[in-house]
Amino acid sequence: METSRNYKNPFLDYTNSSSTTVLNLEENTIADNFKVLLTKKTKKLLQKLEENKKTWTYNDDHSIYTGIAGIANMFKIYADTFNEPSYYSKAIELLQISIDKFKWGKEMTFLTGLSGPLALGAVLFHKHGCKDDYQNAISELISLSSQVVKEHDKVYNELLYGRAGYLYSLLYVNSNISPAPIESNIIKQVISCIIKSGNIYSKSRRYKTPLMYSWHNSEYLGGAHGLAGILYMLLQARDYLTEEQLNNEILPALYYLQDLQYPSGNFPSSVGSDTDKLIHWCHGAPGMTMLFCLAYEIYSDEKFLQTALQCGEVIWARGLLKKGYGICHGVSGNAYTFLHLFQQTKDLKHLYRACKFAEWCFDYGHNQNRIPDRPFSLFEGLAGVIYFLIDMQKPNMAKFPAYTL
């Protein structure tokens, strides 16, 4: 078992006595004193980010993942949480720049493609009465569907660069704007392509699962590039799925994936891998937690909840990564496991663990062995840590960015 990737967890695990500095046990929530500290640390890190505005951009990156649109996403949740409307204006300004200057052609996803700034922009433009910008964003977002539903091998299915990431954009818009502006038939077409592609690939390789996918010649399993992220998007689109798709396509694929879990609670990064080393949202247990919590809600199979809880145990033990603090492959992304498990179970142990990972993030930059390539971005850098700390203010409502609707 690989341990050189993580620091030894220095925190006492949850007991009533160990938790009193961060939790209000009577009200099943975060203690006021710790919430004040969360706010103070969040605003201090936000100030640090804003002081470095000239270095936000990297190679004209306007994506949600590592570009200025991701910082806009953080500004939006900051404005939502702390009632500071000036940050809506900052977010809108960044999104208008992102949409106007987006240069990447093939990417269609929320995280790395144009559909991310368009979807986030549409929600903010609608909220703030920017009618022309809103209509243009919706029209352009819908127009991208023509390249998404093409049936050829050059269109991937995974979350970061493929159809599942475009599906998230459509679902994000419809879940945040009423009445929903994206017609259901468009969403159903995207879903149909994802499932058909998974069927064809799985049959060609004779897998014991109706759905399997490949990205860059590897059959990844995690949240960013693999089966887990695709299944999670499909389950979040369950209002657009048939009973046959839910029970005959997705459910057997969930059982197949579940059977790959290591005794430690972690998952392999790809089919055929036997190295238990990556504890990241993008590869490993953190991206699985949300999937199996939702699977438990939908299918009422207790084993799915147990799978998610096992993920929590390995992340508590090995989730303080030397790689850094980021959302994609760092401590703040790993901490969302505990927030989702708390939401699912109401067990204060998980909220306590989230608070301890937040404490680790207070010392941003201190415990890491490398500086991210995009150090102020949402998924690699400081903006993501701030996003997580903002979400800690309302743990019952926290949602992993660009993954959980």
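**Entry 1: helix α12**

I began where α12 starts: there, a side-chain oxygen of Asp301 comes to within 2.9 Å of the backbone nitrogen of Lys303. A reminder to myself: this is a predicted model.

Next I looked up the length of α12. The helix runs over residues 302-318, 17 residues in total. From first C-alpha to last it reaches 25 Å, close to the 24 Å expected at 1.5 Å a residue.

Then I asked which residues of α12 are buried. I found Phe304, Leu305, Thr307, Ala308, Cys311, Gly312, Val314, Ile315, Trp316 and Arg318. Their cover includes α10 (243-258), α11 (285-299), α13 (331-345) and α14 (348-362).

**Entry 2: His340**

From there I moved on to α13, the helix that holds His340. Is His340 buried or exposed? I noted it as buried, because its relative accessibility is 8%, under the 20% cut-off.

I also listed its contacts, setting aside neighbours within four places in sequence: Tyr232, Met290, Cys293, Ala398, Lys399, Phe400 and Thr404. I checked Phe357 too: 17 residues separate it from His340 in sequence, and the two C-alpha atoms are 14 Å apart.

**Entry 3: the largest pocket**

The largest pocket holds about 530 Å³. Its lining has 22 residues, and Lys76, Ile77, Asp80, Tyr387 and Lys399 are the closest to its centre. Lys399 was already in my notes, as a contact of His340.

Which elements give two or more residues to this lining? They are α2 (68-82), α7 (163-176) and α15 (382-391). The largest share, five residues, comes from α2. Sorted by class, I have 12 nonpolar, five polar and five charged residues in the lining.

Methods
Residues numbered from 1 in each chain as written. Predicted model: local features only at pLDDT ≥ 70, side-chain atom pairs only at ≥ 80, totals over all residues. Heavy atoms only, no water. Helix = DSSP H or I, 4+ residues; strand = E, 2+ residues; numbered from the N terminus. Expected span 1.5 Å × (residues − 1). Buried < 20%, exposed > 50% of the residue type's maximum accessible area, 1.4 Å probe, protein only. Contact = heavy atoms within 4.5 Å. Polar contact = N/O pair within 3.5 Å; in protein donor to acceptor, adjacent residues only side chain to side chain. 1 Å grid on protein atoms, 1.4 Å probe; cavity = no way out; pocket = protein on both sides within 12 Å on 5 of 7 lines; lining within 4 Å. Points joined across faces, edges and corners; volume = space filled by probe spheres on them. Nonpolar A, V, L, I, M, F, W, Y, C, P; charged D, E, K, R; others polar.
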